[in-house]
Amino acid sequence: MTEAATVLLFSYGTLQQENVQLASFGRRLDGAPDAIPGWRRSEIEITDPEVVRTSGKRFHPIVEPSGDAADEVAGTVFRITEAELTAADAYEVADYKRILVRLKSGLEAWVYVRR
């Protein structure tokens with residue numbers, strides 16, 4: 001019996017890439033557009049060679065609260081399993097932490113933000 005996909009994960013960066021999804025979860029994720037209100041996006045340099053190899057990118061986006069409700073970061077919300085959430089935790093580097101946020105749609109989802 002397979003685990004039900006009951007966890008919501010919001011991605012604004014490399015977890016939206018098909019190659020990263022296949023490497024991390026062994027499947028392509030289906031998602032829907034959404035956004036995080038009150039946040040802004042910037043970039044950080046990734047030094048973990050495995051993450052750079054998987055994503056194909058040395059610089060990854062990262063988000064932090066902006067203090068302005070008019071700001072928002074667009075992305076995709078995915079329905080995944082608990083095991084896939086653990087795999088996403090393994091993919092993300094120490095510059096990120098996972099928190100629960102309310103998306104523009106009203107859904108609550110996990111998202112990786114600046115530590």
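Predicted model: local features only at pLDDT ≥ 70, side-chain atom pairs only at ≥ 80, totals over all residues.
Helix H1 itself spans residues 18-25, and its buried residues are Val20, Gln21, Ser24 and Phe25. Viewed down the axis of H1, these buried residues fall within an arc of 100°, so they line one face of the helix.

Glycine 26 follows H1 and has a positive phi, near 75°.

## The nonpolar core

The largest nonpolar core comprises 31 residues, and those with the most contacts inside it are Phe10, Tyr12, Leu15 and Tyr96. At least two residues of this core come from each of strand S1 (7-11), H1, strand S3 (39-45), strand S4 (59-65), S5, H3, strand S6 (96-102) and strand S7 (108-114).

Tyrosine 96 deserves a separate description. Apart from its neighbours within four places in sequence, tyrosine 96 is in contact with Tyr12, Ile44, Ile46, His60, Pro61, Ile62, Tyr112, Val113 and Arg115.

## Glutamate 50

Helix H2 contains glutamate 50. Because its relative accessibility is 45%, glutamate 50 counts as partly exposed. Although glutamate 50 and tyrosine 91 are 41 residues apart along the chain, their C-alpha atoms are separated by 8.8 Å.

## Confidence of the model

The average pLDDT of the protein is 95, and 98% of the residues score at least 70. Confidence is highest in S5, at a mean of 98, and lowest in H2, at 94.

Notes
Residues numbered from 1 in each chain as written. Heavy atoms only, no water. Buried < 20%, exposed > 50% of the residue type's maximum accessible area, 1.4 Å probe, protein only. Helix = DSSP H or I, 4+ residues; strand = E, 2+ residues; numbered from the N terminus. Arc of directions from axis to C-beta. pLDDT = per-residue confidence, 0-100. Core = buried A, V, L, I, M, F, W, Y, C linked by side-chain atoms within 4.5 Å. Contact = heavy atoms within 4.5 Å.
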